[in-house]
Amino acid sequence: MCTSFVLETLDGKHVLSRTMDFAFILEANPTVSPRNYEWKSSTDGVSYTTAYAFVGAGRELDKYIFADGLNEKGLSCASLYLPGEAVYAPEAIDGKINLAPQEFLLWMLGTCATIEDVEAKLADINLVDQPVALLGITTPLHW
């Protein structure tokens with residue numbers, strides 16, 4: 001189980017820290033996702049284009065998969081492993097943004113500028129039980 005915490009500095013800034021407790025070596029490297037990066041959801045094949053660039057710990061598989069990151073607007077997020085607790089939809093839903101759990105961070109940091117943006121868009125998100133091909137399992141994540 002991964003853990004994260006946020007510290008607030010004396011001048012009101014925030015620092016995100018996390019553990020990486022995963023039974024698989026991710027081989028993640030510092031990775032930059034540029035603005036206008038195009039990728040397809042593995043759940044329904046819909047294409048997305050990022051509005052914001054971001055940097056994080058990532059790895060390119062069929063698309064970039066990120067464990068965490070920080071976008072150019074200052075929004076940061078960590079994908080945290082939570083086995084036995086994460087539950088996802090069995091299939092894509094028409095009219096929703098259908099994402100595999102491992103795609104959520106790429107979508108969020110590439111699309112949202114603030115926490116308020118994330119909150120406003122969450123009702124449109126459908127996280128689908130979609131395995132990562134390399135692992136053969138759906139990663140049980142929370143953010």
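Tutor: We begin with exposure: a residue is buried when its relative accessible area is under 20%, exposed when it is over 50%, and partly exposed in between, with a 1.4 Å probe and protein chains only. Residues are numbered from 1 along each chain as its sequence is written, and this is a predicted model, in which local features need pLDDT of at least 70 and side-chain atom pairs pLDDT 80 or more, while totals for chains, interfaces and linings use all residues. Side-chain values use heavy atoms, leaving out hydrogens and water.

Now to the pockets, which are open sets of points on a 1 Å grid with protein on both sides within 12 Å along at least five of seven lines; a lining residue has an atom within 4 Å of a point. The largest pocket holds about 230 Å³ of space, a volume being the space filled by probe spheres set on the points. Around this largest pocket you find Val6, His14, Leu16, Gly69, Leu70, Gly74, Leu75 and Ser76. Two elements give two or more residues to that lining, namely strand S2 (14-18) and strand S7 (64-71); strands (E, at least two residues) and helices (H or I, at least four) are DSSP runs. The lining of the largest pocket divides into four nonpolar, four polar and no charged residues, where Asp, Glu, Lys and Arg count as charged, Ala, Val, Leu, Ile, Met, Phe, Trp, Tyr, Cys and Pro as nonpolar, and the others as polar.

The second largest pocket has about 170 Å³ of space. Leu16, Leu75 and Ser76, which line the largest pocket, are also among the residues that line the second largest pocket, together with Cys77, Phe104, Met108, Ile115, Val118, Glu119, Leu122 and Trp143. Strand S8 (76-78), helix H1 (104-111) and helix H2 (115-121) each supply at least two residues of this lining, and H2 gives the largest share, three residues. By class, the lining of the second largest pocket has nine nonpolar residues, one polar and one charged.

Next come the charged pairs. The structure holds two salt bridges, each with a side-chain nitrogen of Lys or Arg within 4 Å of a carboxyl oxygen of Asp or Glu. In one of them, Lys13 pairs with Asp11, and their closest N and O atoms are 3.8 Å apart; both Lys13 and Asp11 are exposed. In another, the side chains of Glu72 and Arg35 meet at 2.8 Å, N to O. This pair links distant parts of the chain, 37 residues apart, with Glu72 in the loop between S7 and S8 and Arg35 in the loop between strand S3 (29-33) and strand S4 (38-40). Glu72 counts as partly exposed because its relative accessible area is 38%.

Finally, consider the loop between strand S11 (125-127) and strand S12 (141-142), where Val128 has its place. Val128 is buried because its relative accessibility is 4%. Val132 lies in the loop between S11 and S12 as well, and Val132 is buried, with a relative accessible area of 10%. Although Val132 and Ala100 are 32 residues apart in sequence, their C-alpha atoms are 8.5 Å apart in space.

Key. 1 Å grid on protein atoms, 1.4 Å probe; cavity = no way out; pocket = protein on both sides within 12 Å on 5 of 7 lines; lining within 4 Å.
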